Amino acid sequence: MKMAFEQTRNSLCLKRGIGAVITDNGQVIASGYNGTPEKVASCISLNSCYKDHAKECEVVDCRTPFQAILRVCVKCGRPIEQKRVAELEKNLDLCRGLHGEEKAILQIAKKGGASLKDTILYTTTFPCLLCAKKIIEVGISEVWYVEPYPFTEAYRILEDAGVRLKKFEGVKSSQVLDRLYPRRT
């Protein structure tokens, strides 16, 4: 789990660092962190979350970022549907980044596609539904996580597939890492 936390230091996301490590018989075979694919500008390099661009006023000449609490665009006065803002907050597809679990799985594919059957995934945050489906498909048998995830369908699908879920309760190294190696910005 310490290695998964160390991966968060490489995160290219402005909102949250996620790290993941896959092991086979106690040996680390892949690791990943959330961030954009190679050759795609990261949000850190752009100094702006790509997902936030989807939360701009739809008026072409305006494009002012939403201030959802006001329910109208502060520049042009166009009403902002609260339902739209709520959907945008949940929509992971608007993000250009890959999740830490995805990057770890793809790292294996890039190296020739060794089997992940009966391997163990350690991740700093419980996998989302998109990652849960990938975990099941590649045959990962156990997932250790620190932070929970707010949507229950990811838990349900992993449990239905027989993936063992373990909440990590040990010493969390994130505070230590934050002091020793501040996150790059």
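A: **The second largest pocket**

The second largest pocket has a volume of about 290 Å³. A pocket here is an open set of points, on a 1 Å grid over the protein atoms alone, where a 1.4 Å probe fits, with protein on both sides within 12 Å along at least five of seven lines. Grid points are joined across faces, edges and corners, and the volume is the space filled by probe spheres set on them.

Before going on, a word on the model: it is predicted, so local features need pLDDT of at least 70 and side-chain atom pairs count only at pLDDT 80 or more, while totals for chains, interfaces and linings use all residues. Residues are numbered from 1 along each chain as its sequence is written, and side-chain values use heavy atoms, leaving out hydrogens and water.

The pocket's lining has 13 residues, each with an atom within 4 Å of a point. Nearest the centre of the pocket lie Thr36, Glu38, Leu98, Lys103 and Lys110. Helix 5 (100–110) and strand 2 (27–33) each supply at least two lining residues, and helix 5 gives the most, with four. Helices (H or I, at least four residues) and strands (E, at least two) are DSSP runs, numbered from the N terminus. By class, the lining has five nonpolar, five polar and three charged residues. In this scheme Asp, Glu, Lys and Arg are charged, Ala, Val, Leu, Ile, Met, Phe, Trp, Tyr, Cys and Pro are nonpolar, and the others, Gly among them, are polar.

Stepping back, the protein chain has eight helices and five strands, in the order α-β-β-α-α-α-α-β-α-β-α-β-α along the sequence. Of its 185 residues, 39% are buried, meaning under 20% relative accessible area with a 1.4 Å probe and protein chains only.

Leaving aside residues up to four places away in sequence, glutamine 7 touches Gly19, Ala20, Ser31, Gly32 and Tyr33, where contact means heavy atoms within 4.5 Å.

Finally, the cysteines. Counting a disulfide as a pair of cysteine sulfur atoms within 2.5 Å, the total is zero. Cysteine 128 is in no disulfide, as the nearest cysteine sulfur, that of cysteine 131, is 3.9 Å away. Cysteine 128 is buried, at 4% relative accessible area, and cysteine 43 is buried too, at 9%.

Methods. Buried < 20%, exposed > 50% of the residue type's maximum accessible area, 1.4 Å probe, protein only.
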